[in-house]
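Here are a few notes to read with the structure open beside you. Take them one at a time and find each part as you go.

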Amino acid sequence: MRFGVIPVEGGRFYRESLHQVERAEALGFHSVWIEEHHGVKSHYWPSPLTVLSGYATRAHRLVLGTNIAVLPLYNPVRIAEDAALLDIISGGRFILGVAIGYR
């Protein structure tokens, strides 16, 4: 680990998850969903739209969705713009699922 860099849980699994997404598409799966969690170990993602943007470059038929994005943590304009851009990048395959969170 480099000095001053905090590893993001989930991020260390990113390359492996790209391979899983490619395999899922090859096997005919319909969709992939990413949840948002912060400060939780065990493969959770703090930035689901960023992860799904990467998946959009590898998967060309899978529907991509958030399950869920914690809406109170976002500026409303920013989440709307980011979601719209991800939908464009993915060719209309993005579904934004939001909630208030549970804590």
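The points below start with the sheet and then turn to the helices.

1. Before anything else, keep in mind that this is a predicted model.

2. Start with the sheet. It's an open one built from three strands, which line up in the order S1-S2-S4 with parallel pairing. Strand S1 (31-34) and strand S4 (94-95) sit at the edges with a single partner strand each, so one side of each has no neighbour in the sheet.

3. Now zoom in on S2, which covers residues 63-66. S2 and S4 pair in the parallel sense over two bridges.

4. Next, look at what lies across the strands. Helix H2 (residues 48-58) lies across S1, S2 and S4, and H2 runs at about 170° to S2.

5. On to helix H1, residues 14-26. H1 has 13 residues and spans 19 Å from first C-alpha to last, close to the 18 Å you'd expect at 1.5 Å a residue.

6. Which residues of H1 are buried? They are Ser17, Leu18, Val21, Ala24 and Glu25. Look down the axis of H1 and these buried residues fall within an arc of 125°, so they line one face of the helix. They pack against S1 and H2.

7. Turn to the face of H1 that points away from the buried side, and you'll find the exposed residues Arg15, His19, Arg23 and Ala26.

Notes. Residues are numbered from 1 along each chain as its sequence is written. This is a predicted model: local features need pLDDT of at least 70, side-chain atom pairs count only at pLDDT 80 or more; totals for chains, interfaces and linings use all residues. Side-chain values use heavy atoms; hydrogens and water are left out. Two strands pair if DSSP finds at least two bridges between them. Helices (H or I, at least four residues) and strands (E, at least two) are DSSP runs, numbered from the N terminus. Contact means heavy atoms within 4.5 Å. Axes are lines fitted to C-alpha atoms, for helices over the stretch in contact, and angles run from 0 to 180 degrees between N-to-C directions. The expected span of a helix is 1.5 Å times one less than its number of residues. Buried means under 20% relative accessible area, exposed over 50%, partly exposed in between (1.4 Å probe, protein chains only). The arc is that of the directions from the helix axis to the C-beta atoms.
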